[in-house]
Amino acid sequence: MSKFLVNNLNLYYDGEQALKSVAIEIAEKRIVAFIGPSGCGKSTFLRTLNRMNDIIEGCKITGEVLLDGQNIYERGVDLNDLRRRVGMVFQKPNPFPMSIYDNVAFGPKTHGIRKKSDLDDIVEKSLRNAAIWEETKDRLKKSALGLSGGQQQRLCIARALAVDPEVLLLDEPTSALDPISTAKIEELLLEIKDNYSIIIVTHNMQQAARISDDTAFFLMGELVEHSKTSTMFSTPRDTRTEDYITGRFG
């Protein structure tokens with residue numbers, strides 16, 4: 001079953017076209033990797049899936065992005081609800097300058113949850129789901145900025161999970177992390193994929209091969225190829241995909 005269906009998506013920044021006629025169906029409850037060289041449009045496309053590009057002045061988008069059959073670019077779409085359903089984790093860990101507890105409770109509070117026992121349950125569940133509960137349970141009232149980089153990124157994932165999203169978007173979430181922290185994030189994503197649709201932008205071919213079910217290759221604003229990861233890495237259909245995967249690109 002598809003979670004996203006994208007039809008003829010074009011995106012322009014101040015008249016310069018950054019995405020060109022992108023069409024893709026993204027399946028539900030799978031890990032999908034977006035790969036491609038820097039500046040190819042993969043992160044830009046990722047941000048179209050929860051309308052984060054709306055905040056960029058001079059950005060124009062045409063085409064359709066259907067989430068469970070509804071075009072998220074129609075007038076009247078509730079952006080707060082959309083971004084609750086489609087959460088995002090960025091390249092650099094960005095915990096709020098507040099306690100670990102308050103970082104995770106922030107989203108639920110903005111959506112009207114005030115009862116402390118309910119917030120306590122959400123915080124614990126989210127930290128457990130992000131595989132960081134054991135490391136933080138005794139320091140919940142301490143600043144999140146005191147965590148290591150890898151812990152901060154898992155906290156940011158917990159913060160995204162706290163509002164009960166359906167989709168998790170991750171924009172190169174391990175690029176700033178050491179190999180041990182990277183492995184923990186990858187293990188976490190594999191553990192939770194049965195409950196969420198996960199889309200990850202990565203420059204790391206080995207990471208895409210290790211954790212993703214499907215892979216999409218972008219080049220110069222175009223979606224060149226989209227298939228099962230095992231298929232793309234063994235028998236890519238397009239020579240440009242093969243060149244990129246094998247390191248012969250450019």
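These legends go with several close-up views of a predicted model. Local features need pLDDT of at least 70 and side-chain atom pairs count only at pLDDT 80 or more, while totals for chains, interfaces and linings use all residues. Residues are numbered from 1 along each chain as its sequence is written, and side-chain values use heavy atoms, with hydrogens and water left out.

**View A. Strand β3, covered on both faces.** Strands here are DSSP E runs of at least two residues, helices are H or I runs of at least four, and numbering goes from the N terminus. In β3, 5 of 5 residues are buried, where buried means under 20% relative accessible area, exposed means over 50% and partly exposed is in between (1.4 Å probe, protein chains only). Ile31, Ala33 and Ile35 sit on one side, with Val32 and Phe34 on the other. Two parallel neighbours go with β3: strand β8 (residues 197–201), over 4 bridges, and β9, also over 4 bridges. Strands count as paired if DSSP finds at least two bridges between them. To find your way around, look for Ala33 with its bridge partner Ile200 in β8, then Ile35 opposite Phe217 in β9.

**View B. Asp213, in the loop between α8 and β9.** This loop runs between α8 (205–211) and β9 (214–219). The Asp213 side chain makes a polar contact with the side chain of Lys193, at 3.0 Å. A polar contact is a pair of N or O atoms within 3.5 Å; within protein, one must be able to donate a hydrogen and the other to accept it, and residues adjacent in sequence count only if both atoms are side-chain atoms. Leaving aside residues up to four places away in sequence, Asp213 touches Arg30, Ile31, Lys193, Lys228 and Thr229, with contact meaning heavy atoms within 4.5 Å.

**View C. Helix α10 and its buried face.** Thr241, Tyr244 and Ile245 are buried in α10 (residues 239–246). Seen down the helix axis, the buried residues of α10 fall within an arc of 95 degrees, so they line one face; the arc is taken from the directions from the axis to the C-beta atoms. The cover over these residues includes β3 (31–35), α8, β9, β10 (222–228) and α9 (229–234). At the start of α10, a side-chain oxygen of Asp238 comes to within 2.8 Å of the backbone nitrogen of Arg240. Just after the helix, Gly247 has a positive phi of about 85 degrees.

**View D. Strand β4 and its two antiparallel partners.** On one hand, β4 (residues 59–67) is joined to β1 (residues 2–13) by 8 bridges, and Tyr13 has Cys59 as its bridge partner. On the other hand, β4 pairs with β5 (residues 70–71) over 2 bridges, where Leu67 stands opposite Gln70. The β4–β5 hairpin has 2 residues between the strands, and Asp68 takes a positive phi near 50 degrees there.

**View E. Helix α3 and the helices around it.** Several residues of α3 (residues 100–110) are buried, among them Ile100, Tyr101, Val104 and Pro108. The buried residues of α3 pack against α4 (116–129), α5 (133–136) and α6 (149–161). Just past α3, Gly112 shows a positive phi of about 100 degrees.

View F. Cys40 counts as buried at 2% relative accessibility, and so does Cys156 at 3%.
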